[in-house]
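The following questions and answers concern the fold and the side-chain interactions of one protein model.

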Amino acid sequence: MTPALAVVRSQAPSLHEEAAERLREQIFAGALPPGSFLDEVALCERLAISRTPLREALKVLVAEGLLRHEPRRGCFVAEVTERDLDEIFPVIALLEGRAAHEATDRAGSADIAALQVLHQRLCEHAEAGRINDYYDANYAIHEAFITLADNRWLAQVIGDLRRILRLARHQTLHVPGRLQQSLSEHLAVFAALQCRDAAAAEQAMRDHVLAQRDALRDIARNHHSRIAP
């Protein structure tokens, strides 16, 4: 075996990693809704794998908080409660705020130019009412700030909490007025970064994340919700 081939093979995901990723996608898409039981026999057939890698995949998702395991019963898709959201959002607001602070301190002129392009796309999608495209641009901007912060511990914890929040994923931008509000919040963060005001960028990002919690409350009050009471 050539060294190059050995590297390629070592980087290939294992069966249980592939299974875990496919199950994550189904959970986030709602194909496996909160509270649903995971039938191991059916999953083995659907994923075309044996029980051993499936169970390893389930252990990974239990550790991530996406599944809960009940002795003698099996695995169920985790449910996110209103209390969970009340506890998680202040924490992730602090973390993403800190990421914005560190990104502002580290950003160079090329980084700011790249962020300018992303924010221009965000504005265009908002003006056209392209909510799905807006979500994609919004995600790219948050990722850009985390990448610029260059703090692997921040990135790791934010990623862990984001996975939990995706269990309660809602189209918050459908809440009346939320799309333009979200855009204004993002532009405030970016304006602070352009001015090299790290403290202002941190506060603006915190406010932006906490506003998402408010939008979720509105959905829970007025619409069908995947969030447990």
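**Side-chain interactions and fold**

Q: Which residue lies over the face of Phe28?
A: A charge sits over a ring if NZ of Lys or CZ of Arg is within 6 Å of the ring centre and within 35 degrees of the ring normal. At 3.9 Å from the ring centre of Phe28, the residue over its face is Arg166.

Q: On what basis are such features reported?
A: The model is predicted, local features need pLDDT of at least 70, side-chain atom pairs count only at pLDDT 80 or more, and totals for chains, interfaces and linings use all residues. Residues are numbered from 1 along each chain as its sequence is written, and side-chain values use heavy atoms, with hydrogens and water left out.

Q: In what order do the elements of the protein chain run from the N terminus on?
A: Helices (H or I, at least four residues) and strands (E, at least two) are DSSP runs, numbered from the N terminus. The protein chain has ten helices and two strands. Their order is α-α-α-α-β-β-α-α-α-α-α-α.

Q: Why is the pair of Phe37 and Phe76 tilted?
A: Rings of Phe, Tyr and Trp (its six-membered ring) pair if their centres lie within 6.5 Å; planes under 30 degrees apart count as stacked, over 60 as edge-to-face and the rest as tilted. A search of the whole structure finds one aromatic pair. The ring centres of Phe37 and Phe76 are 5.4 Å apart, and the pair is tilted because the planes stand at 55 degrees.

Q: How many residues apart in sequence are the parts that this pair ties together?
A: Phe37 lies in the loop between helix H2 (15–29) and helix H3 (40–47), whereas Phe76 belongs to strand E2 (residues 74–77). The pair therefore ties together parts whose separation in sequence is 39 residues.

Q: Is Phe76 buried or exposed?
A: Buried means under 20% relative accessible area, exposed over 50%, and partly exposed in between (1.4 Å probe, protein chains only). Phe37, at 45% relative accessibility, counts as partly exposed. With a relative accessible area of 7%, Phe76 is buried.

Q: What is the N to O distance between Asp160 and Arg163?
A: A salt bridge is a side-chain nitrogen of Lys or Arg within 4 Å of a carboxyl oxygen of Asp or Glu. Asp160 and Arg163 both lie in helix H8 (residues 152–165), three residues apart, about one turn of the helix. They form a salt bridge, and their closest N and O atoms are separated by 2.4 Å.
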